[in-house]
Structures are given as C-alpha cells and as structure tokens.
Amino acid sequence: MFLGELEKQVMQHLWSSPNVDAKQVHAVLARQRDSSLNTVQSALERLFKKGLLSREKHGHAYLYSAKIKREHLIAKLIDSVASDFISQGESSLVAAFSSVSREMDEAQLDQLEQLIEIQRNQLKKGNRNAD
C-alpha cells in the first residue's frame with residue numbers, strides 16, 4: 001500500500017476531526033498546501049477505495065471518517081514496505097528496526113519494551129491454547 005502526501009495529510013486531519021465533508025477537509029488543508037477542492041475529493045475517494053475511510057451520505061455530500069487507527073495504518077505501511085524488500089524469515093526488518101530505535105529516547109524505549117512484553121505474553125497464551 002502506498003499513500004501520497006495529500007492522502008497522508010487527509011488521514012492526519014480525519015484522525016483529529018472525524019465526520020467532515022470534502023469542503024471542510026479542503027478548507028483546513030488549503031492552509032498547508034495549494035490543492036483544489038476536486039483534488040481533495042479525489043484523495044478522499046482513493047482513501048475510501050483503499051478501505052481506510054468510511055463515509056456516510058449527508059444531504060448532497062459525504063461525511064468522511066478514518067476507518068483505521070493511526071497505529072494500524074502505520075503497521076500496514078511498514079508491512080507493505082518490508083514485504084517488498086525482505087524475504088520470509090530474513091532478519092533485515094529486525095536490524096532496520098534496531099537502527100531506528102537508536103534515535104528513541106528513554107521513555108520511548110520503555111514504552112517499546114512494554115509493548116514487546118505484551119506481545120510475548122499474547123504469544124505464550126496462544127501457544128498454551130493450541131496445546
């Protein structure tokens with residue numbers, strides 16, 4: 001999966017302001033970039049077709065909301081990029097992640113450590129349930 005710059009900006013906006021129409025999105029994004037309303041509408045439509053947005057008809061317009069949480073989208077994007085470069089079982093992803101983690105501060109590393117521990121516990125529970 002690939003997201004263009006405008007699509008990323010639209011997603012950022014919809015995570016903080018759900019249930020908005022194309023005109024509202026355009027009004028906010030126009031402060032950051034020079035895009036027409038049609039361009040914003042096209043980006044919303046692409047994101048909807050990618051399954052990242054939900055929409056509901058309200059009068060003559062659609063109201064859009066993010067259908068996926070930020071963390072889940074980031075995970076999908078990482079998985080998509082990684083699968084393009086890494087064969088199954090290859091440890092390059094772990095090495096790359098280790099490299100990125102060098103720029104994290106103490107609090108971020110603590111949070112990461114907690115998340116890894118949660119994943120380990122879930123994996124152990126899954127293995128016990130399989131027995």
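View 1. D110 is partly exposed because its relative accessibility is 36%, where partly exposed lies between buried (under 20% relative accessible area) and exposed (over 50%), computed with a 1.4 Å probe and protein chains only. The model is predicted: local features need pLDDT of at least 70 and side-chain atom pairs count only at pLDDT 80 or more, while totals for chains, interfaces and linings use all residues. Residues are numbered from 1 along each chain as its sequence is written, and side-chain values use heavy atoms, with hydrogens and water left out. D110 belongs to helix α6 (residues 106-130); helices (H or I, at least four residues) and strands (E, at least two) are DSSP runs numbered from the N terminus. Together with D105, E106, E113 and E117, D110 forms a negative surface patch. Patch members have over 30% relative accessible area and no salt bridge, with like charges joined within 9 Å and nonpolar side chains (Val, Leu, Ile, Met, Phe, Trp, Tyr) within 5 Å. Asp and Glu count as negative and Lys and Arg as positive, while His and the chain ends are not counted; the place of a charge is taken as CG of Asp, CD of Glu, NZ of Lys or CZ of Arg.

**View 2. I78 and the nonpolar surface patch.** I78 is found in helix α4 (residues 70-85) and is partly exposed, with a relative accessible area of 47%. On the surface, I74, I78 and L93 form a nonpolar patch with about 260 Å² of accessible area together. Accessible areas come from the Shrake-Rupley method with a 1.4 Å probe, and for residues only the protein chains shown count as cover.

View 3. A43 is located in helix α3 (residues 37-49) and is buried, at 0% relative accessible area. Although A43 and E7 are 36 residues apart along the chain, their C-alpha atoms are separated by 5.8 Å. E7 is likewise buried, with a relative accessible area of 3%. R46 forms a salt bridge with E7, in which the closest N and O atoms are 2.9 Å apart; a salt bridge is a side-chain nitrogen of Lys or Arg within 4 Å of a carboxyl oxygen of Asp or Glu. This pair links distant parts of the chain, as R46 lies in helix α3 and E7 in helix α1 (residues 5-16), 39 residues apart. R46 is partly exposed, at 39% relative accessibility.

**View 4. E45 and its two partners, K49 and R55****.** The structure holds four salt bridges. One of them joins K49 to E45, with the closest N and O atoms 3.9 Å apart. K49 and E45 are separated by about one helical turn because they stand four residues apart in helix α3. K49 is exposed, at 66% relative accessibility, whereas E45 is partly exposed, at 26%. R55 also forms a salt bridge with E45, its closest N and O atoms being 2.6 Å apart. Here, too, distant parts of the chain are linked: R55 lies in strand β1 (residues 53-58) and E45 in helix α3, 10 residues apart. R55 is partly exposed, at 26% relative accessibility. Elsewhere, salt bridges that share partners join E7, R46 and K50 into one network.

**View 5. The two domains of the chain****.** The chain is divided into domain 1 (5-66) and domain 2 (100-131), with bounds that come from an automatic or database domain assignment. The C-alpha centres of domain 1 and domain 2 lie 34 Å apart.
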